[in-house]
Amino acid sequence: LHDALPISLSTKPSSAISATTYEDGNEVDKITDKTFTANVAVITTKSLSVNPGSVTGGVSQYTFSIVTKNSIPANGHILVTLPSDLQITIFDQNSLELSTQLSVDGDPKSISTTVDTSVTPRVIKIKITDSILAGSTIEIVIPHLKNPDSTGSTSSFQIQTTTDDNYLID
């Protein structure tokens, strides 16, 4: 599988830093080569809609509206893990591409989307071209999802953002 996701995501440590404190011109304390790990923020979900409405066993288009706490760098990713009882009905089995749409604050963005078929439930990996600022409203449209065959609660969607080298952001 090309461009596969890592087994687990982690936060990326910052660069090593060093600090020295002085009192009256004399060195008091020295800290060298310490690294710090970023705290991961939670993405705020603004809305989820299904079109056509929740038709049991039918194929629908799902639209998510989210707000990230942190910026996503250029070439970063948005990962959407589907509930196990939803199925993707149409995507290119050779390239693993899925026709997904993304807009930021109402402005359509250029993206590429792949489906990771090596894991269950399926993970849709959206690679963004341009960076996205913290606090932006991101709308994701995912077509061709088959609804569960019966009514009732499903497991949750999981949405995460990562850097190009797969470190977790939100």
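D107 and K109 form a salt bridge, with 3.3 Å between the closest N and O atoms. A salt bridge here is a side-chain nitrogen of Lys or Arg within 4 Å of a carboxyl oxygen of Asp or Glu. The structure holds three of them. An open sheet of four strands, with antiparallel pairing, is the other topic below.

This is a predicted model, in which local features need pLDDT of at least 70 and side-chain atom pairs count only at pLDDT 80 or more, while totals for chains, interfaces and linings use all residues. Residues are numbered from 1 along each chain as its sequence is written, and side-chain values use heavy atoms, leaving out hydrogens and water.

**Salt bridges**

- Side chains of opposite charge can pair when their charged atoms come close.
- D107 is partly exposed, at 40% relative accessibility. The cut-offs are under 20% relative accessible area for buried, over 50% for exposed, and in between for partly exposed (1.4 Å probe, protein chains only).
- K109, the partner of D107, is partly exposed at 30%.
- K127 and D164 meet through their side chains in another salt bridge, at 3.5 Å from N to O. K127 lies in strand β10 and D164 in the segment after β12, so this pair ties together parts that are 37 residues apart in sequence.
- K127 has a relative accessibility of 28% and counts as partly exposed. D164 is partly exposed too, with a relative accessible area of 43%.
- D149 pairs with K146, and their closest N and O atoms are 2.6 Å apart.
- D149 counts as exposed at 61% relative accessibility, whereas K146 is partly exposed at 26%.

**The four-stranded sheet**

- Strands of a sheet pair through backbone hydrogen bonds, either parallel or antiparallel.
- The strand order is β9-β10-β5-β12, and the pairing is antiparallel. Strands are DSSP runs (E, at least two residues), numbered from the N terminus, as are helices (H or I, at least four residues). Two strands pair if DSSP finds at least two bridges between them.
- β9 (111-116) and β12 (158-162) stand at the edges; each has a single partner strand, so one side of each lacks a neighbour in the sheet.
- From one strand to the next, the twist averages 20°. Axes are lines fitted to C-alpha atoms (for helices, over the stretch in contact), and angles run from 0 to 180 degrees between N-to-C directions.

**The β9-β10 pair**

- β9 pairs with β10 (residues 123-128) in the antiparallel sense, over six bridges.
- T113 stands opposite I126 of β10.
- β10 also carries K127, the salt-bridge partner of D164.
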